[in-house]
Amino acid sequence: MSHVTTFREYLLREFGIALPREIVLQEQENVIRVFSKTLMMLKPAGYMGFVAGKVGTNGIEAKGEFIQLFGKHATKNILELDEIQAKSFVENEFVEINSSESGWKIAKFQAHVLGIGRLKDGKLYSDFIGKGRKRVENSLNPSKAQSI
Amino acid sequence: MDEKQFHDYLSSFTDADKMLSAPVRDTIRINTLKISKARFAEITKISLEPTFYEYGLYAESEARLGATWEYFLGYMHTQSLSSMLPSLILNPAQSDLVLDIAASPGSKTSHLAMLMHNRGAILANEVNWERGSALFSNIARLGVLNTKVTVRDGTRLGINTYFTKALVDAPCSSLSQPYAYKKFTSDLAYEMSKTQKKMLFSAYDSLQEGGELVYSTCTYAKEENEEVVKLLLEKRPEATLIDPGIEFPHDSGLSEFGKEFRKTARIYPHHFSSEGFFMAKVKKG
C-alpha cells in the first residue's frame, strides 16, 4: 500500500477527515505534500504545496499546519482546550489534560483548530515544538465585532 | 550617503520633507484562504482601520502582530500596504500560470494564491535556501495550496514562453527602508541593477505571448527602477507598459524616461503611510 493511501486512511480512521476532491496528496522526498489539483498543470519540477505529514518507522504523523487547514472536517478525536491550555499547547512542549485516553488528538480552542498533538499519560504533546518556539501574546474574541 | 545627501537625493524627484516626516503604519492582510473578513472582524481584538484595499488594514495591537493568535492561525499576514500592490496590479485569475521569480519570504506569493482562491498555479522561485525556509513556512501557515517552490537562480531560469503572468519583486538596495541610505552608493545601485535586469528579462522571456508581468522594488533609485524597465522596452520591442488597472495614491514614474512611464507608479510614505515602492506593469506582445 502506498504511503499516500496509508495517510488518507489514517485521516479518515482517526479523525473522520475526508479531503475534498480538488485536494491532492503526493509523496515527495519521504514526506507527503498537499496541494490543489490545479497545481499539477505546472510542469517545472519543484516542491508542491506544503508538507501534510509523513509515514515513517515511527508511524504516521500529520503536521500542524495541515490539520489547521483541514481539521475543520474532523468528526472525532478532537480535544477542546481552554485559553490557558491553548496558549500552552502552542508555546510549550506539552499541556496537562485531565484524561486517561491516548493517541493523536486534534486540538481546538473555541472554533479555531490549533493543530495536532499526541495524548499520553495525561499530557498532550504539541507538534509545533521543535520547529522554533511560537508565541501568542494576545487574546481573541472581543465582546463586539469591529466594523471594517 | 549621509542624511543630508539622502535629503538632496530625494528632493530631485519628490518633496523630501513631506516624505521623510510621513509616518509608516503597520498593516495586515486578512488571509481569506483561511477566514472571511467578516469572521475576522468578529474574532480579533487587534484595532483595525480600513485602507483603499478591502483586505489590507492598518493595525494596532499591544502584542507584536507576529505574536498573535491571528498570525499563528494563519488568519492574517503582516505585510506593508505598498507590498500588497504588486499582486493586486498583476491581478491573477484562477486559470493563470504565474511565476513569482524572487518569492521569499512569500508575502506576495501567498497574496497571489489568495487572489486566485488557491486555484491555477504559481511557481514560487527563490535563489537562496536559507531565505527559502521563510517561504516554506509562510506557505504552510497561510494554507497556500496552489504553489510549487523551486530553488534556482532567477536570473537564469531558462523557461521560455510558458507562464501567463509573472511577478518580479526584485532584490534591491531597499532605499525605502529605515537608514538604508547609509549603505547606499551609486555603485550598489549599479550592481543591483545588473541582477534586476537579468531577472526581468528571464521572467519576461518566460511569458506566453499576451502575458503580463509586474516589476517592483522597494527602492527609490531610478537605476533600479525606470532604467531597468526602459532597457526591457528597448531590447524587447513588443513589450509595452500598461496601466496598473487599479486606483491607489501614487506618483508617476520619472518623466525623464519618457511619457509612457506615466503608467508606472512610485509610492512614497506620504501617500498612505506605507513604505516606498516602485511598480511597472508590462505586457508581452
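A salt bridge is taken here as a side-chain nitrogen of Lys or Arg within 4 Å of a carboxyl oxygen of Asp or Glu. By that rule, the count between domain 1 of chain B and domain 2 of chain B is zero salt bridges. The model is a predicted one, where local features need pLDDT of at least 70 and side-chain atom pairs count only at pLDDT 80 or more, while totals for chains, interfaces and linings use all residues. Residues are numbered from 1 along each chain as its sequence is written, chains are lettered from A and ligands numbered from 1 in the order in which they are written, and side-chain values use heavy atoms, with hydrogens and water left out.

To stay with chain B, its domain 1 covers 3-9 + 81-284 and its domain 2 covers 25-79; such bounds come from an automatic or database domain assignment. Taken over C-alpha atoms, the centres of these two domains of chain B are 24 Å apart. In terms of contact (heavy atoms within 4.5 Å), 24 residues of domain 1 of chain B meet 22 residues of domain 2 of chain B. The size of an interface is often given as the accessible area lost when the parts come together. Buried area here is the accessible area (1.4 Å probe) that two parts lose on being put together, summed over both. For the two domains of chain B that comes to about 1,800 Å², with 61% of it on carbon and sulfur atoms. Of the area that domain 1 of chain B buries against domain 2 of chain B, Leu81(B), Met114(B) and Arg141(B) supply 39%, more than any other three residues.

What about polar contacts inside chain B? A polar contact is a pair of N or O atoms within 3.5 Å; within protein, one must be able to donate a hydrogen and the other to accept it, and residues adjacent in sequence count only if both atoms are side-chain atoms. Between domain 1 of chain B and domain 2 of chain B there are 13 residue pairs in polar contact (both at pLDDT 80 or more). On the domain 1 side, α5 (85-90), α6 (107-115) and α7 of chain B each give at least two residues, where helices (H or I, at least four residues) and strands (E, at least two) are DSSP runs numbered from the N terminus. The largest share of that side, seven residues, belongs to α6(B). Sorted by class, the side of domain 1 of chain B that touches domain 2 of chain B has twelve nonpolar, nine polar and three charged residues; Ala, Val, Leu, Ile, Met, Phe, Trp, Tyr, Cys and Pro count as nonpolar, Asp, Glu, Lys and Arg as charged, and the others, Gly among them, as polar.

Chain A also comes in two parts, domain 1 (3-71) and domain 2 (77-126). Their C-alpha centres are separated by 22 Å, and twelve residues of domain 1 of chain A are in contact with eight residues of domain 2 of chain A. Together these domains of chain A bury about 840 Å², 66% of it on carbon and sulfur atoms. Phe15(A), Ile67(A) and Gln68(A) supply 48% of what domain 1 of chain A buries against domain 2 of chain A, more than any other three residues. Between the two domains of chain A there are zero salt bridges and two residue pairs in polar contact (both at pLDDT 80 or more). The domain 1 side takes at least two residues from each of α1 (3-15), β5 (59-62) and α2 (64-70) of chain A.

Strand β5(A) also takes part in strand pairing, for which DSSP must find at least two bridges between two strands. It pairs with β4(A) in the antiparallel sense over four bridges, with Lys54(A) facing Glu61(A) as bridge partner in β5(A). Two residues lie between β4(A) and β5(A), which form a hairpin. Strand β4 (residues 50-56) of chain A also runs antiparallel to strand β2 (residues 31-36) of chain A, joined by three bridges; there, Arg33(A) has Val51(A) as its bridge partner.

Now for the two chains together. Chain B brings 49 residues to the contact and chain A brings 43, and about 3,900 Å² is buried between them, 64% of it from carbon and sulfur atoms. Trp69(B), Leu145(B) and Lys148(B) supply 23% of the area that chain B buries against chain A, more than any other three residues. Across this interface there are 21 residue pairs in polar contact (both at pLDDT 80 or more), and zero salt bridges. The elements giving two or more residues to the chain B side include α7 (129-141) and β7 (147-150) of chain B. Strand β7(B) pairs antiparallel with strand β3 (residues 47-48) of chain A over two bridges, and Val149(B) is the bridge partner of Tyr47(A).
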